[in-house]
Amino acid sequence: MPSASSSDVVILVLGVVLAAAYLFKDQIFASKPSTPVPAAKQANGGGNPRDFIAKMKEGNKRIVIFYGSQTGTAEEYAIRLAKEAKSKFGLASLVCDPEEYDFENLDQIPDNSCAFFVMATYGEGEPTDNAVELCQKLSDDSFEFSNGTHKLDGLKYVVFGLGNKTYEHYNLISRNVDRDLAKMGAVRIGERGEGDDDKSMEEDYLAWKDGMWEAFAQAMNVEEGQGGDSPDFVVSEVQDHPAEKVYLGELSARALTKSRGIHDAKNPFPATVSTARELFAVDADRNCVHVELSIEGSGMTYQHGDHVGVWPSNAEVEVERLLCALGLHDKKDTVINIESLDPALAKVPFPVPTTYVTVLRHYIDISAVAGRQMLGVLAKFAPNPEAEATLKTLNSNKEEYTAVVADGCLKLGEVLQYAAKDDMKAIPTPANTTKWEIPFDIIVSSITRLQPRYYSISSSPKLHPNHIHATVVVLKYGSASDKVPQRFIYGVGSNFLLNLKAASNGEKLSLTTTDADLSGAKVIAAPAYAIEGPRGAYKQETIYKVPIHVRRSTFRLPTNPKSPVIMIGPGTGVAPFRGFVQERVAMARRTIEKNGPEGLADWGNIRLYFGSRTSTQDFLYRDEWDNYAKELHGKFTMRCAFSRENYKPDGSKIYVQDLIWEDAETIADAILNGKGYVYICGDAKSMSKSVEEALCRILGEAKGGSAEVEGAAELKILKERSRLLLDVWS
């Protein structure tokens, strides 16, 4: 057989290879399956999502801003700082919820970068829930950063604190953060800022920020003017969007789709108003609403001392006013979508798509006093030079702003009417309200999200497991400015509930009246609200609902009923103590059922100090307390101070602190010997301080010393051991 030549062998091998390649082409030439990379992973390089340093580098961000926020205010100021850094210097920021990040690499912040800490103080000098771990690690000398030490040498930082001077531990957390950072070798830029919510957080922020930015520019070697005005959002009108997918006031996706889920602050529960009644006498010049909200079937629970968050809408007159001023009245129901141009810096604060009127009615706080800084942004859109000059003056002149806007309690719509010389007292219409060409994205950027209003729960789940009770005094007072027309100011949450009470009972509220100065024209007498809810979801015939959620509290009775309890709650400050007493009544019923009345023999006494103007007009729940006392078989004592009925020998009024001093011996014995607990609820500005001063005096004298030394020391011990608890507001 003739031998094959080498060329024949090559051809033969090549043929075999090509045949094999054809047979197995799918396996050989198939492309490798692609793995989709989520947008977040692409942006973060697929790294550790808790590594803020990596995110700063990937986004070329020279500023990281941490915020400690309980209600959202500190987060809002953190975002404002980020926006200002961008507009002033062109610097990008990473705004961080500290709960979502690790801090071992805090020492790795580059030399050309800076950390901001915007920290609210919560409760009795505590960090907000999301900042607990951050504060612990900064103050813990044993905690090591990536450099193996508890040192942050040379780290540049800025601190702005949010607090309230009516509380004892004013801005304690921001001061502690500043102290801890300095101790570790970090270098603060500018002065530490401190905002006081009792007066004006906004004015404190404005007074602080200019000097801080000046020091910032020098420390960071940057020049102002390198940034520029750029919008946060793009607002677009949408055609032919499915109506059932448009948010008309629903607070969550579950609410829109009517799907079941956990009910919390992100998904409030529409609670049926089972009872709503007036607590003040018919001839009283004020209102106080008692409301009972059914949570049956919601999966929600509560404890005595918790708070209920009620989600109101804005008053319809303010919605109409702003629609007219923005020239949107005729297209208020137009569907709009809103997109963020920088989601890391500014998230769309409410669900979309929605409508213009829905945003103003349900989603942003158009009822708040207009901020001074906002007015400078809006001035360029004024309808005429005079209106522009007015807004510029209000923006730049703090005294004028205070006299007109702050003292006049002017909302944004009213400020625009004031600047345009419109009639602020008349019912707003497109005919009597000047149109401003303000882009809607600026409105969304400038006005914060409408927040829930919190009220102390005034019931116990032991007696009312399926209902939450709230006791709400209706806020209504006169404006204090002589530069704008005098009128009444109405609190959003309480007047919203007053409307619900009236509707639930078939009552009529007088919403308009005739003004003699306007030749018989109709003007606003009281605000009306869209209480029927989105798509009428909160109304079924004569039954109304209101969206709520429960906020947990540490304001609790001692678990051992043998401990004496002293409760001080004038006015609606009595609300949680009604729940406390109900809690004890429920426990007493079980004890008596098992052991008879003698089972209460070793229980500590519960003392309630209540105050109001008179015993006939505003004595809250006056028909209940005697019944509670009977059920507690002598273990409940109530003392009342009626400031317009009972007077001291010198003619001055008697308040709860005076009753406490009268009972000094009993109170000292309950606290010092009985290891009793003290609770204060109500006004923080004067009542709470006066009560604490009385307690210091009582305890100081009982210890054979003074209020300033021994008394203050005992009070401090009570607070440290959680035997003196406060639920106060300003």
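Predicted model: local features only at pLDDT ≥ 70, side-chain atom pairs only at ≥ 80, totals over all residues.
User: Which residues touch the most other members of the largest nonpolar core?
Analyst: A nonpolar core is a set of buried Ala, Val, Leu, Ile, Met, Phe, Trp, Tyr and Cys residues joined through side-chain atoms within 4.5 Å. Buried means under 20% relative accessible area, exposed over 50%, and partly exposed in between (1.4 Å probe, protein chains only). Among the 50 residues of the largest core, those with the most contacts to other members are L391 and F440.

User: Which helix gives the most to this core?
Analyst: Helices (H or I, at least four residues) and strands (E, at least two) are DSSP runs, numbered from the N terminus. Elements that each supply at least two residues of the core include strand 12 (335–340), helix 13 (385–396) and helix 16 (440–446). With five residues, the element that gives the most is helix 11.

User: What is F440 in contact with, leaving aside its neighbours within four places in sequence?
Analyst: Contact means heavy atoms within 4.5 Å. With those neighbours left aside, the partners of F440 are V235, L326, L328, I336, Y356, V359 and L360.

User: How many residues line the second largest pocket?
Analyst: On a 1 Å grid over the protein atoms alone, a cavity is a set of points where a 1.4 Å probe fits but cannot get out, and a pocket is an open set with protein on both sides within 12 Å along at least five of seven lines; lining residues have an atom within 4 Å of a point. Helix 9 supplies the largest share of this lining, three residues. R254, A255, K258, H263 and P270 lie nearest the pocket centre, and the lining in total has 25 residues.

User: What is the volume of the largest cavity?
Analyst: Grid points are joined across faces, edges and corners, and a volume is the space filled by probe spheres set on the points. Residues lining this cavity include W311, H362 and F496. The volume of the largest cavity is about 110 Å³.

User: How many charged residues are in the lining of the second largest cavity?
Analyst: Ala, Val, Leu, Ile, Met, Phe, Trp, Tyr, Cys and Pro count as nonpolar, Asp, Glu, Lys and Arg as charged, and the others, Gly among them, as polar. The lining consists of F280, A284, D285, R286, R613, Q617 and D618. By class, two are nonpolar, one is polar, and the charged residues number four.

User: Is N499 buried or exposed?
Analyst: N499 is found in helix 17 (residues 492–504). The side chain of N499 reaches the backbone oxygen of P527 at 3.2 Å. Because the relative accessible area of N499 is 10%, this residue counts as buried.

User: Why does K165 count as partly exposed?
Analyst: K165 is in the loop between strand 5 (156–163) and helix 7 (172–183). Not counting residues up to four places away in sequence, K165 touches Y170, D196, D198 and K689. K165 counts as partly exposed because its relative accessibility is 48%.

Methods
Residues numbered from 1 in each chain as written. Heavy atoms only, no water. Polar contact = N/O pair within 3.5 Å; in protein donor to acceptor, adjacent residues only side chain to side chain.
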